[in-house]
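Subject: Structure handover

Hi,

Here is the structure I promised to pass on. Have a look at it first, and then read on for what turned up.

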Amino acid sequence: MDASQALLKCSDLTALVIGDAMIDAYLVGDVNRISPEAPVPVVDVKSRDRRLGGAANVAKNLLAMGAQVHLASVIGADEAGEHLRSLLDALNIGDSCMVADASRPTTIKTRVISNGQQLLRVDEETVTPIGIEINKTLIDRCTHLMESGTIDVVIFEDYDKGVLTPQGIESLIAAAKKCDIPVTVDPKFNQFHAYRGVDLFKPNLKELREGLNAVIGKEDDKAIEAAIDTLTLQLDADKILVTLSERGVWMHAPNEGTSHKRIPAFEREINDVSGAGDTVIAVASLMLALGVPAAQLAALANLAGGLVCEKVGVVPIDHAQLIAEWESSQNQIAPSSHA
């Protein structure tokens, strides 16, 4: 199935997102003076908002694409955790795999914004790995859902906040494989090498450097290629998709005959990169589940990531806009392909 067809088929899919769910909070106001207490701006707050973030933002992107979604995470037994659940319920995101842990807080990232610019971020969280019993509960609930036959793709969204442990990752990948469900990963540093045998692994360039402890220049294509080859062998991953910010994305899918293909970024007015990685993994995962070829999958995910960067704050992709922009890009490409 090509990407154009797949974009219209996302509503046929159900995804399970496993990872660090959090709340993205916003304080928006005006800056008209400097504090007399310290050389810092004073923000007169005009509005405030709390939205789903982290793994929950991936879930929102999947939902925006038309898919059905279940979210699996560990949150605190606190007011923020209850609010997060209410946000999931309002969007009809399945929460049967959500686990409350009284020993840890729900992660909150508060961004202070003025004149469309982010001035400060305040994080409330713990990054301690979840305990054995909580981990077992999370694994059991996710496995039960996978075995129900309703899940088309499993997405690991790792923010290094402690929800995903080596034991949990290994057990959940094995459960997905047993159910013949494709697995995709948006990794962070701590568990970088735990995701063995997955179908698609999507680090950004910084994560690739840190994960391999390698010096890789932003425009050093030979170093990027060598690093991806090393990572492919270490993880036994079917596809590696590396996001390169303004340079686009790099796809390596040797089993499909797409070897080390860099897809340049579409020209965009970049206002805020927050959440772009969440959009990329969401779109790539749905395209993978629908059997879209690797090169098209990467190009579409690349386009989607650029679109959300045009907006301030963490926002999900606009499905209709993505379809229109994709069709427009294909029409522009088509004439040259006959040359």
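A word on naming to begin with: helices (H or I, at least four residues) and strands (E, at least two) are DSSP runs, numbered from the N terminus. This is a predicted model, in which local features need pLDDT of at least 70 and side-chain atom pairs count only at pLDDT 80 or more, while totals for chains, interfaces and linings use all residues. Residues are numbered from 1 along each chain as its sequence is written, and side-chain values use heavy atoms, with hydrogens and water left out.

Let me start with helix α4. The expected span of a helix is 1.5 Å times one less than its number of residues. Just after α4, Gly-149 adopts a positive phi of about 80 degrees.

Which residues of α4 are buried? With buried meaning under 20% relative accessible area and exposed over 50% (1.4 Å probe, protein chains only), they are Ile-134, Asn-135, Leu-138, Ile-139, Cys-142, Thr-143, Leu-145 and Met-146. These lie on the same side of α4, because they cover an arc of only 160 degrees around the axis (taken from the directions from the helix axis to the C-beta atoms). The face turned away from that buried side carries the exposed residues Glu-133, His-144 and Glu-147. Among what covers the buried residues are β1 (14-19), β4 (68-76), β5 (94-101), β8 (153-157) and α5 (166-178).

Strand β4 also holds Leu-71, which counts as buried at 0% relative accessibility. Taking contact as heavy atoms within 4.5 Å, and leaving aside neighbours within four places in sequence, Leu-71 has partners including Val-17, Ala-55, Leu-88 and Met-98.

Now for the nonpolar cores, each a set of buried Ala, Val, Leu, Ile, Met, Phe, Trp, Tyr and Cys residues joined through side-chain atoms within 4.5 Å. The largest has 60 residues, and Val-17, Leu-62, Leu-71, Leu-241, Met-287, Leu-297 and Leu-322 touch the most other members. Helix α9 (residues 294-308) supplies the largest share of this core, 10 residues. Apart from it lies another core, of 45 residues, among them Ile-151, Leu-205, Ala-237 and Leu-244.

As for α9 itself, 13 of its 15 residues are buried, so α9 is largely enclosed by the rest of the structure. From first C-alpha to last, α9 reaches 22 Å, close to the 21 Å expected.

Best wishes
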